[in-house]
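Me: Could you take a close look at one strand and its surroundings for me, with the cut-offs spelled out as you go?

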Amino acid sequence: MKLSPREAEGYFSRPDADKTGLLIYGADAMRVALKRQQVLAALLGANAEEEMRLTRLLGSDLRGDPALLLDAVKAVGFFPGSRAVFVEDTTDTAAPAILAALEDWVAGDAQIIVTAGQLKASSKIRKAFESHRSTYAVGIYDDPPSRAEVERILSEAGLQNIPRDSMAAIAELATGISPGDFTQTIEKLSLYKRGDISELTIEDVEACAPRSTEAALDHVLNVVADGRAGEIGPLIRRLQSQGTNAVSLCIGATRHFRTLYACASDPGGAAQGIGKLRPPVYGKRRDRILRQAQGWGAPKLQTALTVLTDTDLSLRSAGQTAPAMALVERAMIRLAMLARTR
């Protein structure tokens with residue numbers, strides 16, 4: 001049986017111990033692994049490995065010894081409770097062993113949990129789990145986590161007393177980083193707030209969020225928008241040493257100044273325009289964008305976007321011979337000088 005993403009989230013939290021098995025597949029190995037960890041914890045509890053109620057096998061091992069899986073499924077445990085056999089990194093080379101185990105499974109046997117990479121619809125393993133009356137198949141895709149999924153992760157981490165703005169900031173963070181990084185960030189946030197019963201603030205979230213190249217890029221753009229021309233050169237060289245190229249920097253600057261222009265050009269003013277941004281912005285970032293949009297004004301922001309467009313065209317020109325990063329640095333200094341004019 002095939003589960004939809006919404007159905008799958010509920011099943012991962014409350015798996016049926018009487019089912020024959022579950023297939024979790026997807027291109028992102030981290031996303032698949034996190035779901036596998038969730039379902040095994042819910043199915044078996046915290047001490048399954050110590051009590052020998054969980055057996056781990058590699059999909060590649062089943063090709064040379066097809067009976068290995070069935071033997072593990074039929075093995076009798078010493079401790080009471082649900083049992084499972086987890087088969088990792090499975091491909092269709094393991095299909096004969098998996099299909100045989102599904103066919104011979106009876107009530108009381110260990111449940112079969114299989115993970116795999118991206119599987120085509122014609123995959124024998126996928127077709128077997130989707131067509132079997134007592135198994136489930138779930139495809140994991142690169143979609144941002146749902147609100148319910150974010151709330152589950154926060155609850156498992158013991159985080160409470162989260163106001164609306166902070167929850168929105170966490171949801172925005174979840175869409176911008178990998179699932180593994182997001183889970184680690186929430187664990188870090190849980191430790192950061194340990195013993196603190198006050199509300200979780202946006203500043204708390206920002207303090208625990210990963211420091212990435214994107215954050216460094218945001219810092220450069222804020223320096224430019226604030227008119228601090230003297231700080232631009234060292235910051236750009238630091239970005240260049242981290243692997244940021246000139247085109248990416250120009251695109252990021254254009255995106256930032258378009259955001260400012262969208263706020264400043266709103267008929268109701270920048271304060272009203274910032275409320276229309278999607279995705280919405282909160283906390284210190286919102287205050288900074290509003291201040292910059294009001295300080296620049298729509299006419300100067302139009303000029304800034306013209307400078308950035310010309311720079312982008314120069315970078316992409318086949319006849320361009322000047323160093324690309326030098327062109328971008330010169331454009332950024334021009335914008336910073338423009339910010340200081342009245």
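Reply: Happy to! β3, helix α5 (residues 95-104) and β4 make up a β-α-β unit that is right-handed; that is, with the strands pointing away from the viewer, the path from the first strand over the helix to the second runs clockwise. Helices (H or I, at least four residues) and strands (E, at least two) are DSSP runs, numbered from the N terminus.

A word on the source: this is a predicted model, where local features need pLDDT of at least 70, side-chain atom pairs count only at pLDDT 80 or more, and totals for chains, interfaces and linings use all residues. Residues are numbered from 1 along each chain as its sequence is written, and side-chain values use heavy atoms, with hydrogens and water left out.

Now to the strand itself. β3 spans residues 84-90 and is mostly covered, as five of its seven residues are buried (under 20% relative accessible area, with a 1.4 Å probe and protein chains only). β3 has a pairing with strand β4 (residues 111-116), in the parallel sense and over five bridges; two strands pair if DSSP finds at least two bridges between them. In that pairing, Ala 84 stands opposite Gln 111 of β4.

Strand β2 (residues 54-58) also pairs with β3, in the parallel sense over five bridges. Here Leu 58 has Glu 88 in β3 as its bridge partner. As background, side chains in a regular strand alternate between the two faces of the sheet.

Key. Buried < 20%, exposed > 50% of the residue type's maximum accessible area, 1.4 Å probe, protein only.
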